[in-house]
Amino acid sequence: MGTVMQQNSLWQAVLGEIELSVSRGNFVTWFKNTCLLKQSGEEVVVGVPNIFIKQQLERKYGNLITDMLRKNGITDVNIRYKIAPTTTQQRPTEDTVAPEASSASSSGRPTADTYRNPKSGNSLAHSYRQGLNERYTFENFIVGASNELAFAACQAITQQPGTKYNPLFLYGGVGIGKTHLIQAVGNILAARQPGAKVLYISTEQFVQEFVDALRFRKTADFTGYYRTADVLIVDDVQFIAGKEKVQEEFFHTFNALHQANKQIIISADKPPKDIPTLEARLQSRFTGGMSIDMQIPDLETRCAIVQTKAQSHNVVLEQDVVEYLATNIQTNIRELEGALNQLLAFCEMRGLEPTLVVAASLLSDNKRPKHLSSKQIIERTARHFQIPLDDILGPKRDKDIVVPRQVAMYILRTELHLSFPKIARELGRKDHTTAIHSVDKIEREAQLDGTLRMAIADIREQLYA
Ligand code: ADP
Ligand code: MG
C-alpha cells in the first residue's frame, strides 16, 4: 500500500482529471470532498462524506473514476466507497449558525419554565446547549444499513446547517437511535459555535412549557425563546397529536425559524401522515425537507453495538456471547444495552466471566415467569442478615437493620423491577424517595464493598435455588 502522502497525491491527480471532464457544479457536489482511504493491490477505497455522494459515485461515476485511475497507472482495481465524514469537516457558513447577536438579544428560558423547573434558572450565563446530553456523539454511533441514511443526513446537516434537509424528519420505532442521532447533531453544532442557540427539547416538555406559559401569561417569553433559536431539535413530535393550541404555536415557530434558514430537526415514532390529528399544514411543513425512515439495526450492526458498548466498559466479549445477545434482543437497542449492562454487572458482582452460559441463564431468567414474590425476597434478606422480619419491616433505624432493609429494596428493584412507591410500601415506608436513595446507595456501595456484593449474590442464589 502506498503511503498516505502518495495516496493523497495520486487522488489529487485523479481529481484533477475529473475536474476537467465534468461540470464545475458536479465536481464540487460529488467529488470535491472525497479522499483516498486505501489503495492496495486490487482494492481502492474512496472516502466520501455521505451516503448520497456514495450512491451517486457508484451509480453514475464509476466508469469515470476507473478511467482516471487508469490514466494514473492504477488498473484492474475494485473501487469501494466508504463514508468517512471526518475527512470533510467544514466550518459552518457564517450566516447559518448562530451569530452571537441572536443569542445576546434573546431572553433566557421562559420565566414560566424557570418557575416550574428551578434547575434551568441556575445558569445565568446561558450556554444555549439546552437539553443536550454529551453522551450522544457520532463517534459512538454504530452505522449499518438500517440507519446509514439517517446518519449521513445528520452528518450533512452539521456541515451546512439550515440549508439542505431543512427540516430533517427522522422517524421509526422505540429505542433505535433517533434521539442519539439528533442530539449528536446538536452537540456538534453547539461545540462548533459556542454562541449558537442550539435547543433540544422533547415534545412533552415543549407542550408542558407552553401550557405553563399560558397559565402564567408568559406566552411572549415562550414564543421569543423558541423563535430565536439557531437550531431547534424537537424529539418525539407524535406527542403533539390532539393538542391544537400547541400545534398552532409550533407552526408559527417552525415558520419563523425556517424562513430565517435556521436548522430544524424533528423525530417521531411514525411518519407525519400517520400521526393522528396532526394539522395538515404541519404535516406538509414536516415533510417539506427530508424525511427518513429509521429501522432497527440488523444483526451484524447489533453485534457491533454490543461489542463497542462492552469495550467502553473495558470488557471484550466472546463473539458467541455478542451474537447471543444481539440475536435474542431484536427490536430495541435500549433493551439490548440493558441486557448487556445486566450481564456485566452480574458477572462483576460474582467475579464471573461473561460467558455464553451466564448470558443465556440470565436472559432466560428474565423471560422466565416471575414466580418470586416480594414477601420471599424480604424474608430471604432478613434471614440472611439474621434479623427478625418484624424489624426489617418496622420503624427501627439501627444500622444493622437499615442496611438489610436497603438491600431488600435493591433486590426488589433488580429482580422484580417494582416501582419505587411499591418498593417503599412493601417495606412499610411511606416515602418513595427512601426507596430511590436505598437502591442507589446499595448499587454504588456494592461496587466497592466485596462483602456486600457477596451478600446480595448469596440472597439471589437462595431465591432462585
Ligand atoms: P430512540 O430515540 O429511537 O427511541 P435512542 O436514541 O434513545 O432511541 O437509543 C436508545 C439507546 O440505544 C441509546 O442509549 C443509544 O445510545 C443506543 N443506540 C441506538 N442506536 C445505536 C447505534 N446505532 N449505535 C450505538 N448506540 C445506539
Ligand atoms: Mg428518543
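The model is predicted, so local features need pLDDT of at least 70 and side-chain atom pairs count only at pLDDT 80 or more, whereas totals for chains, interfaces and linings use all residues. Residues are numbered from 1 along each chain as its sequence is written, chains are lettered from A and ligands numbered from 1 in the order in which they are written, and side-chain values use heavy atoms, with hydrogens and water left out.

The protein chain contains 22 helices and eight strands, taken as DSSP runs (helices H or I, at least four residues; strands E, at least two) numbered from the N terminus. Of its 465 residues, 48% count as buried; buried denotes under 20% relative accessible area, exposed over 50%, and partly exposed the range in between (1.4 Å probe, protein chains only). Among contacts (heavy atoms within 4.5 Å) between residues at least 6 apart in sequence, 72% join residues at least 24 apart.

Thr253 belongs to helix α11 (residues 244–259) and is buried because its relative accessible area is 0%. Beyond its neighbours within four places in sequence, Thr253 is in contact with Tyr226, Arg227 and Leu232. The C-alpha atoms of Thr253 and Tyr226 lie 6.7 Å apart, although the two residues are separated by 27 positions in sequence.

A search of the whole structure finds 18 salt bridges, each defined as a side-chain nitrogen of Lys or Arg within 4 Å of a carboxyl oxygen of Asp or Glu. One of them pairs Glu17 with Lys71, with the closest N and O atoms 3.6 Å apart. This pair links distant parts of the chain, Glu17 in helix α1 (residues 4–21) and Lys71 in helix α4 (residues 62–71), 54 residues apart. Glu17 is partly exposed at 26% relative accessible area, while Lys71 is exposed at 60%. Glu58 and Lys54 also form a salt bridge (3.8 Å, N to O); both lie in helix α3 (residues 51–60), four residues apart, about one turn of the helix. Here Glu58 is partly exposed at 41%, whereas Lys54 is buried at 16%.

Glu353 is located in the loop between α15 (333–350) and α16 (356–367) and counts as exposed because its relative accessibility is 61%.
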